[in-house]
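Okay, thanks for coming, everyone. I've got one model to walk you through today, so let me put it up and we'll go through a few spots together.

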Amino acid sequence: MFDLDLWREIFQSINKNRTRSLLSGFTIAFAILLFTILFGIANGLENTFIELFGTDAQNSIVIFPGRTTKAHKGMQSGRRIRFKNEDYDYILEEFGNNVEYITSKVNRNVEASFKGAKDSYQVRAVHPEHMYIENNIVEKGRYINNSDLENRTKVAVIGQVIDEDLFANVESIGKYINLNGIPYKVVGVFSDDEGDNEEKVIYTPITTAQRVYGNNEYIDFIHLTYNPKLSYDQAIAFGNSLTRKLKDKFDVARDDQRAIRVRNFAEGTKGVSQMMFVLNIIVLFIGSGTLIAGIMGISNIMVFIVKERTKEIGVRKALGASPRSIVSIILLESILITSIAGYVGLLIGAGVLKLVGPGLKEYFITNPGVDTGVVIGATIILIISGALAGYLPANKASKIKPIVALRNE
Amino acid sequence: MLKINQLHKSYKIGDSSLHVLKGIDLSVEEGEMVAIMGSSGSGKSTLLNIIGMLDVADSGEYILDGLPIDNLTEKKAAVYRNKFLGFIFQSFNLINYKNALENVALPLYYQGLKRKKRQELGMFHLDKVGLADWAHHLPKELSGGQKQRVAIARALAANPKLLLADEPTGALDTTTSYEIMEFIQQLNDEGKTILMVTHEEDIANMCKRIVRLRDGVIMEDKAITQVRASQYV
């Protein structure tokens with residue numbers, strides 16, 4: 001394979017028929033170009049959707065209590081529904097298998113200060129699992145833990161932006177931050193790749209908040225992620241049955257849309273992933289169709305070349321060429337033309353995407369492009385394509401009988 | 001050198017079969033120069049093809065330099081051809097996009113020699129046929145006689161035991177034919193065994209022995225007094 005002389009033979013043969021090789025490579029280059037651009041655009045669309053959803057867990061279900069809008073079981077409409085710790089326990093009890101992570105939440109806006117610096121921020125009182133649901137990354141120290149919950153400790157995990165704003169040149173970990181007059185010990189700093197707003201947040205243990213804000217068991221809302229093993233349909237069914245059970249528990253009419261609202265990401269994600277699936281199939285279909293046409297083109301031309309070179313192959317055989325060496329010449333020539341042409345197509349395609357990519361943002365296409373995986377995949381596909389295209393002609397060439405090829409016409 | 005016993009060969013043409021060689025017995029000693037003659041259809045080309053391992057006999061025995069040639073796979077035939085035989089064709093059969101030197105060096109490539117060695121040996125043989133100055137010319141830039149000399153250099157390159165020539169002068173004018181024959185005679189003088197098919201009496205008379213075929217059998221096999229080609233040049 002890495003026989004220099006063999007490659008010299010192949011280059012000589014390609015060089016001898018430059019136009020022919022160029023033309024046969026053109027279809028392949030075009031196929032890969034088309035494929036790259038289509039694939040890049042599909043990628044760009046997907047990127048847009050991912051950006052819209054943020055990096056919160058895609059399998060989120062958020063449950064908000066509200067006010068009833070329908071009279072039910074002798075109770076008037078307008079009744080306020082409030083979740084308590086027992087509702088959190090109830091969900092775990094009833095649907096434990098379907099839940100991956102779950103947290104209760106109490107949100108408050110607070111005035112936070114450290115020494116002279118102060119600003120207003122949102123406090124979110126949560127369970128430790130919240131870290132995975134929100135995709136928070138602990139930069140320093142630690143997150144809320146179970147011992148905080150049990151002991152109702154006054155600890156705070158602050159966002160990176162707060163760390164910079166309030167603790168400009170001071171190490172924040174271990175210091176006390178004042179939240180509406182109550183000092184909390186800073187135990188960690190987190191980052192969130194959704195941006196600054198998500199980093200202007202302070203997390204505290206849910207139990208601490210419940211004691212501080214009225215010594216009750218109330219929860220503002222519940223955020224959970226469903227078991228990732230669930231299919232979209234199963235996840236949607238889970239969300240529906242969760243809604244129904246909670247409505248029953250709070251004696252709310254089942255068709256009351258306001259009393260308990262459940263936002264199930266599975267519904268949106270299902271649509272997007274189905275659309276992406278269909279889009280990818282279309283791209284694959286068009287791309288592979290063109291590629292097959294290209295392969296057939298090369299194969300066709302190689303057959304012609306073999307026919308044209310029948311005499312030469314006969315001479316080579318008479319001079320001692322083994323059938324194998326004939327096969328490798330034809331096969332490698334085909335693979336070489338295919339690969340080079342394919343890479344030209346890939347490069348042009350990637351170049352076009354790079355050039356026009358930024359201008360496509362308004363058409364819902366973000367960062368269209370191809371990644372290393374695609375390039376490696378394309379390389380493998382090209383080599384296989386070249387081998388496929390060359391197989392038939394090479395086989396034909398190896399069967400050439402020198403006696404027939406050399407017969408004087 | 002070469003021994004053939006009761007060689008038979010027939011070709012299928014549609015439903016009937018054509019019996020081309022009907023029991024050929026032939027033995028050639030080292031250093032001989034044999035012309036095989038016969039009208040077309042006499043089987044002379046078939047015989048040369050079988051000797052050249054380009055075709056396989058139906059039955060009979062063929063021993064080349066003590067080595068029985070039978071059960072040839074394509075691969076084995078390729079190795080034997082490369083090692084034992086040099087071919088000279090009527091239409092030269094040079095590879096048109098390779099220059100003279102590359103053409104001469106091709107059998108050496110199939111012997112697995114290094115490029116440098118191939119170039120060296122190729123030049124040596126080109127020099128021997130008097131075409132060292134033409135090494136980097138393509139076949140289309142050469143005259144017919146020059147092309148045949150390149151082909152002879154190519155046949156010699158692998159240092160074969162036996163040189164097979166199929167109408168080597170068939171495509172050349174008389175003067176050039178004699179030049180080529182003079183050269184082939186020189187090779188024979190140096191000890192090469194040569195077997196050629198021809199239908200030209202004057203060319204055959206320049207060999208040392210004439211074997212005449214008719215309808216697949218040897219009609220006549222006689223030693224002759226060689227006519228030197230140099231006297232015509």
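Predicted model: local features only at pLDDT ≥ 70, side-chain atom pairs only at ≥ 80, totals over all residues.

Asp215(B) isn't a glycine, yet its phi is positive, near 50°. So is Asp215(B) buried, exposed or something in between? With 14 other C-beta atoms within 10 Å, Asp215(B) comes out as partly exposed.

Now hop over to the loop between β6 and α3 of chain B, where you'll find Asn93(B). What about its surroundings? Asn93(B) has 26 C-beta neighbours inside 10 Å, so this one counts as buried; the cut-off for that is 20 or more.

While we're in chain B, have a look at helix α2, residues 74–84. Which residues of that helix are buried? They are Ala77(B), Ala78(B), Arg81(B), Asn82(B) and Phe84(B). As a reminder, an α-helix has 3.6 residues a turn, so residues three or four places apart point the same way. And what covers the buried residues of α2(B)? The cover includes β4 (59–64), β6 (85–88), α3 (100–110) and β7 (162–166) from chain B, together with α10 (310–318) from chain A.

UniProt, in an unreviewed entry, puts "transmembrane region" at residues 21–42, 277–305, 326–353 and 373–392. Let me take two of those. Residues 21–42 of chain A are 100% helix and 0% strand, with the end C-alpha atoms 32 Å apart. For residues 373–392 of chain A, it's again 100% helix and 0% strand, and the end C-alpha atoms are 30 Å apart.

Last stop: how do α9 (265–308) and α12 (372–398) of chain A pack? Their axes are 8 Å apart, at an angle of about 25°, and that is under 35 degrees, so α9(A) and α12(A) are roughly parallel to each other. The crossing is right-handed. By class, the contact has 12 nonpolar, 3 polar and 1 charged residues. On the α9(A) side you have, among them, Leu291(A), Ile295(A), Ile298(A) and Met302(A); the α12(A) side includes Ser385(A), Leu388(A), Pro393(A) and Lys396(A).

That's my tour, so over to you.

Methods:
Residues numbered from 1 in each chain as written. Chains lettered and ligands numbered in written order. Buried ≥ 20, exposed ≤ 12 C-beta atoms within 10 Å, placed from the backbone. Helix = DSSP H or I, 4+ residues; strand = E, 2+ residues; numbered from the N terminus. Contact = placed C-beta atoms within 7 Å. UniProt positions renumbered as here; feature names shortened; annotations may be inferred. Axes fitted to C-alpha atoms, helices over the stretch in contact; angles between N-to-C directions. Parallel < 35°, antiparallel > 145°, perpendicular 65-115°, else oblique. Left-handed = near helix turned anticlockwise from the far one by under 90°. Nonpolar A, V, L, I, M, F, W, Y, C, P; charged D, E, K, R; others polar.
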